[in-house]
Amino acid sequence: MATRLDGKALAAKRKAELACEVEKLNRKPGLAVILVGEDPASRVYVTSKRKDCEECGYYSEEYALPAETLEGELLGLIEELGRRENIHGILVQLPLPKGLDEKKILAAIPPEKDVDGFHAVNMGRLILGEEGFLPCTPAGVMELLDEYHIELEGKHCVVVGRSNIVGKPMALLLLQRNATVTVCHSRTKDLASFCRQADVLVAAVGKTGLITPDMVKEGAVVVDVAMNRNAEGKLCGDCEPTVYEKVSSYTPVPGGVGPMTRALLMENTMKACRMQGK
């Protein structure tokens, strides 16, 4: 019987620990979330983050801006929040509407308030192995693997996906644990042959049913990062459910990586509060 890596339970545990830490502080960690437009999935995520702040005892502000917001207006808001002493973290919900330069917007967030870990400074620190804010999803995966004592040193880890948000930082974090890492993507020839070599397989593409049982080695650990909807509208990952019958451990969708992503945002916000000391 495969072990189900329960991200929902671990996230609840982490948030409870953060709530206890807040009680010992003389201030509340403050998070500002900016949502531009009304993308339904983004609205769900933003609402969830507000609830997470409430659970942890954080101060939060939400800015819901129309899709027609000008780039200058958005940059002005980020600049204002960057000066606020009671706001320790700033998060701009992605994706942004057309006409807004994502790279420019993310670069405007002060690195010390970049709790999503997407700023070039924090990404550079990750590459160099220096202290900084880690992207929440890959960092959440690492905490989940640690919680279940899954050894990574010397293992062959295959990451399917090369996004700046998940794939690339995931590969770097695994390298830091002395794993041998292969990164696959849409141009990889014979993807299945690489996946079958994996002791730990991380699927982060966003394509329902991409990973099938014949692509997975018996006894492998499978981490499914994706959040898709199938033809019936049900939440699912990149892996077919029958994959779980072959593996030793797996993350369910939902209830696996998703809750850990949100928990790590809360951890990063606490870290930012401590660093800024205000």
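Predicted model: local features only at pLDDT ≥ 70, side-chain atom pairs only at ≥ 80, totals over all residues.
The residues of α1 that are buried are Gly-7, Leu-10, Ala-11, Arg-14, Lys-15, Leu-18 and Val-22. Viewed along the axis of α1, these buried residues fall within an arc of 135 degrees, so they line one face of the helix. Glu-23 and Lys-24, on the other side of α1, are exposed.

Helix α1 comprises 18 residues (residues 7-24), which at 1.5 Å a residue should span 26 Å; the C-alpha atoms at its ends are 26 Å apart, in agreement with that expectation. At the start of α1, the backbone nitrogen of Lys-8 has a side-chain oxygen of Asp-6 within 3.2 Å.

## Lys-13 in helix α1

Lys-13 also belongs to helix α1. Is Lys-13 buried, partly exposed or exposed? With a relative accessible area of 39%, Lys-13 is partly exposed, because that class lies between the limits of under 20% for buried and over 50% for exposed. Leu-134 is 121 residues from Lys-13 along the chain, and the C-alpha atoms of the two residues are separated by 20 Å.

## The three-stranded sheet

Three strands form an open sheet in the order β3-β2-β4, with parallel pairing. Its edge strands are β3 (59-65) and β4 (89-92), each of which pairs on one side only. From one strand to the next, the twist averages 15 degrees. Helix α3 (residues 71-83) lies across β2, β3 and β4 and runs at about 175 degrees to β2.

Strand β2 (residues 30-36) pairs with β3 in the parallel sense over seven bridges. Within this pairing, Gly-30 stands opposite Tyr-59 in β3, and Leu-31 has Ser-60 of β3 as its bridge partner.

## Burial of strand β2

How much of β2 is buried? Seven of the seven residues of β2 are buried, so the strand is largely enclosed by the rest of the structure. In a regular strand, side chains alternate between the two faces of the sheet. Both faces of β2 are covered: one side carries Gly-30, Ala-32, Ile-34 and Val-36, the other carries Leu-31, Val-33 and Leu-35, and all are buried.

## The six-stranded sheet

A further open sheet has six strands in the order β1-β11-β8-β7-β5-β6, with parallel pairing. At its edges stand β1 (3-4) and β6 (180-184), each with a single partner strand, so one side of each is left without a neighbour in the sheet. The pairing of β1 with strand β11 (residues 249-250) is parallel and extends over two bridges. Thr-3 stands opposite Ser-249 in β11.

Strand β7 (residues 200-203) pairs with strand β5 (residues 156-160) in the parallel sense over four bridges. Four bridges also join β7 to strand β8 (residues 221-224), and these two strands run parallel. Val-202 of β7 stands opposite Val-159, and its bridge partner in β8 is Val-223. Both faces of β7 are covered, with Val-200 and Val-202 on one side, Leu-201 and Ala-203 on the other, and all of them buried.

Ala-198 is found in the loop that lies between α8 (191-195) and β7. Its relative accessibility is 0%, and Ala-198 therefore counts as buried. Which residues does Ala-198 touch, not counting residues up to four places away in sequence? They are His-156, Val-158, Lys-217 and Ala-220.

Glu-218 is 20 residues from Ala-198 in sequence, and the C-alpha atoms of the two residues are 9.8 Å apart in space.

Notes. Residues numbered from 1 in each chain as written. Heavy atoms only, no water. Expected span 1.5 Å × (residues − 1). Buried < 20%, exposed > 50% of the residue type's maximum accessible area, 1.4 Å probe, protein only. Arc of directions from axis to C-beta. Polar contact = N/O pair within 3.5 Å; in protein donor to acceptor, adjacent residues only side chain to side chain. Pairing = 2+ DSSP bridges. Axes fitted to C-alpha atoms, helices over the stretch in contact; angles between N-to-C directions. Contact = heavy atoms within 4.5 Å.
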